[in-house]
Amino acid sequence: MSLFDIILLAIALAMDCFTVSIVSGVILGRYEWRVILQISLLFGLFQALMPLLGWFGMTLFAEYIVSFGHLIAFLMLAFIGGKMVYESLGPSEENSFNPRKLVTQLLLAVATSIDAMAVGVSFSAIGYNTLSSLWVPLGWIGVFSLIFGIAGHHLGIRFGFITKGRIKPELLGGIILICIGLKILLF
């Protein structure tokens, strides 16, 4: 794989992180750098680790990863998104989706990176035979996911006012997460 191909792959994998980060930024409504960096670092970490797990698991669990990875990602994102939609319909004080919570951040990081596990399976199939050969693509994947996470938060915070008063951010975010899950499941 050329460096150009690796960068395109890293950008493609970072898109889910970017979208979720926009939603998180809208919900935060202001710059909370600890939260933004924590979520973005988790996105970068999990996006880089999941292909590694896929690569390691290629010989043991390849058929399960390919068969069920999309379903697991869909179920996680549908659950989180459904919960957000449900909570957005109640009184605003009861909305519990909170991107400041570590549990929420971890769930989002795992859910958005499960499809990256299949990339690790493909790495094994296209000739990445040693652990040392994986550092370059994994590094680029992690870095782009981190950068796109920060950029998504910035856009969500900066332009989230557009949705204020028109639609609840939690409702919009829930719908977006469900759509991302459907995209992963169907394509």
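**Before starting**

Residues are numbered from 1 along each chain as its sequence is written, and side-chain values use heavy atoms, with hydrogens and water left out. Because the model is predicted, local features need pLDDT of at least 70 and side-chain atom pairs count only at pLDDT 80 or more, while totals for chains, interfaces and linings use all residues.

**The whole chain**

Show the protein chain as a cartoon. Its secondary structure comes to five helices and zero strands, in the order α-α-α-α-α from the N terminus; helices (H or I, at least four residues) and strands (E, at least two) are DSSP runs, numbered from the N terminus.

Switch to a surface. The protein chain exposes about 9,400 Å², and carbon and sulfur atoms supply 74% of that area; accessible areas come from the Shrake-Rupley method with a 1.4 Å probe, and for residues only the protein chains shown count as cover. Of the 187 residues, 45% count as buried, where buried means under 20% relative accessible area, exposed over 50%, and partly exposed in between (1.4 Å probe, protein chains only).

Of contacts between residues at least 6 apart in sequence, 89% join residues at least 24 apart. A contact here means heavy atoms within 4.5 Å.

**Helix 1**

Select residues 3-28, which form helix 1. Helix 1 has 26 residues and reaches 35 Å from its first C-alpha to its last, close to the 38 Å expected at 1.5 Å a residue; the expected span is 1.5 Å times one less than the number of residues. A kink of about 35 degrees is centred on alanine 14. The bend at a residue is the angle between axes fitted to the seven residues ending there and the seven starting there.

Next select aspartate 16, also in helix 1. Aspartate 16 is buried, with a relative accessible area of 4%. Its side chain makes a polar contact with the side chain of lysine 183, at 3.4 Å. A polar contact is a pair of N or O atoms within 3.5 Å; within protein, one must be able to donate a hydrogen and the other to accept it, and residues adjacent in sequence count only if both atoms are side-chain atoms. Leaving aside neighbours within four places in sequence, aspartate 16 is in contact with Thr112, Asp115, Ile180, Lys183 and Ile184.

Move on to glycine 29, which follows helix 1 and has a positive phi, near 80 degrees.

Select leucine 45, found in helix 2 (residues 33-88). Leucine 45 is partly exposed, with a relative accessible area of 44%.

Then select helix 4 (residues 131-159), whose 29 residues should span 42 Å at 1.5 Å a residue; its end C-alpha atoms are 41 Å apart, which agrees. Helix 4 bends by about 30 degrees at proline 137.

**Helix 3**

Select residues 102-125, helix 3. Its 24 residues reach 35 Å from first C-alpha to last, close to the 34 Å expected. A kink of about 40 degrees is centred on isoleucine 114.

Serine 113 lies in helix 3 and counts as buried, at 0% relative accessibility. A polar atom of its side chain lies 2.8 Å from the backbone oxygen of alanine 109. Beyond its neighbours within four places in sequence, serine 113 is in contact with Phe46, Gln47 and Met50.

Leucine 108 is also in helix 3, and counts as buried at 4% relative accessibility. Phenylalanine 43 is 65 residues from leucine 108 in sequence and 8.1 Å away in space, C-alpha to C-alpha.

Just after helix 3, glycine 127 takes a positive phi of about 110 degrees.

**Helix 5**

Select leucine 177, in helix 5 (residues 169-186). Leucine 177 is buried, with a relative accessible area of 2%. Not counting residues up to four places away in sequence, leucine 177 touches Val20, Leu77, Ile80, Gly81, Met84 and Leu108. Leucine 77 is 100 residues from leucine 177 in sequence and 5.6 Å away in space, C-alpha to C-alpha.

**Cysteines**

Finally, select cysteine 17 and cysteine 179. Cysteine 17 counts as buried at 0% relative accessibility, whereas cysteine 179 counts as partly exposed at 44%. The structure holds zero disulfides, a disulfide being a pair of cysteine sulfur atoms within 2.5 Å.
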